[in-house]
Amino acid sequence: MRILLITLLFTPLMALGYPIDTSIGFGSGYTWTEATFDEPITSIGDTTQTPSYSSVDNDNLPWDLFASFRFHENYGIEIGYIDYGTIKFKRTLTTEAGTELLTRTQRNASISTQGFYISHVLFIPVFSHLDFQAKAGILFGTNEYKDTENLTTINNGVEVTDPSFTNSSRAISKPQFSLGLLYRYQPDWGLRLQLNQIEYEHIEEKETFSQWFTSFSFERKF
């Protein structure tokens, strides 16, 4: 993995002085997320803790601001800043002794991912003015976590709820892959349809996410 990161980062930087054309662009679109939750059911004596999760919803508008440097008809690099938006879900942890409910903890989780990236770009002509693009690179950014947790304790049939709030962030450097179609509808203007993919994990909570970003972009060639 370390060799992959070094190769993806430094190889394009060696060619920055020789672009045959340069473009800048901006795009936005839609994200969706696949989530894996590995927290197990645990038992100590007759006391059992059972986790359950809601579906993962995608919130906020994702976007991408980028500059593209093409050094050959079939090769270039792209640098930019991308915001995958925010995902939200609920996790409930229920503690029972036999059939008696002792506590219930509900965590309202919010995770957002954003950062700078650099990618190799392979251009494959499909038709006149239409290129297929395949990209591989690295995202240097952050995962930002915002959690609201409500601990409900049941004592003699009376429920008492104690809320707490947590904000944290973690720096990440993750491989990022993309596929796209670039259409030059004018000599200096293009439209791009692209699919980005990134994976990351929240280790403390035993949660893994694969996030996909479908974007529609305008770009201007100089």
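## The nonpolar surface patch

Strand E9 gives the largest share of the nonpolar patch, three residues; strands are DSSP runs of at least two residues, numbered from the N terminus. The model is predicted: local features need pLDDT of at least 70 and side-chain atom pairs count only at pLDDT 80 or more, while totals for chains, interfaces and linings use all residues. Residues are numbered from 1 along each chain as its sequence is written, and side-chain values use heavy atoms, with hydrogens and water left out.

The patch covers about 880 Å² and is made by Val 126, Phe 127, Leu 181, Tyr 183, Tyr 185, Trp 189, Leu 193, Phe 216 and Phe 218. Two or more residues come from each of strands E7 (100-127), E9 (158-186), E10 (189-202) and E11 (207-221). Patch residues have over 30% relative accessible area and no salt bridge, and nonpolar side chains (Val, Leu, Ile, Met, Phe, Trp, Tyr) are joined within 5 Å. Val 126, in strand E7, has a relative accessible area of 39% and is partly exposed, a class between buried (under 20%) and exposed (over 50%), with a 1.4 Å probe and protein chains only.

## The largest pocket

The largest pocket has a volume of about 190 Å³. A pocket is an open set of points on a 1 Å grid over the protein atoms alone, with protein on both sides within 12 Å along at least five of seven lines; lining residues have an atom within 4 Å of a point. Its lining has four nonpolar, one polar and six charged residues, and Asp 21, Arg 70, Glu 73 and Lys 221 are among the lining residues.

## Salt bridges

The whole structure holds 12 salt bridges, each a side-chain nitrogen of Lys or Arg within 4 Å of a carboxyl oxygen of Asp or Glu. In one of them, the closest N and O atoms of Arg 91 and Glu 39 are 2.9 Å apart. Arg 91 lies in strand E6 (residues 75-97) and Glu 39 in the loop between E1 and strand E2 (42-44), so the pair ties together parts that are 52 residues apart in sequence. Arg 91 is buried, at 7% relative accessibility, whereas Glu 39 is partly exposed, at 21%.

Asp 59 and Lys 88 also meet in a salt bridge, at 3.2 Å from N to O. Asp 59 belongs to strand E4 (residues 57-59) and Lys 88 to strand E6, 29 residues apart. A network of salt bridges links Asp 64, Glu 78, Lys 135 and Arg 192.

Technical notes: Patches are made of residues with over 30% relative accessible area and no salt bridge: like charges are joined within 9 Å, nonpolar side chains (Val, Leu, Ile, Met, Phe, Trp, Tyr) within 5 Å. Accessible areas come from the Shrake-Rupley method with a 1.4 Å probe; for residues, only the protein chains shown count as cover. Helices (H or I, at least four residues) and strands (E, at least two) are DSSP runs, numbered from the N terminus. On a 1 Å grid over the protein atoms alone, a cavity is a set of points where a 1.4 Å probe fits but cannot get out, and a pocket is an open set with protein on both sides within 12 Å along at least five of seven lines; lining residues have an atom within 4 Å of a point. Grid points are joined across faces, edges and corners, and a volume is the space filled by probe spheres set on the points. Ala, Val, Leu, Ile, Met, Phe, Trp, Tyr, Cys and Pro count as nonpolar, Asp, Glu, Lys and Arg as charged, and the others, Gly among them, as polar.
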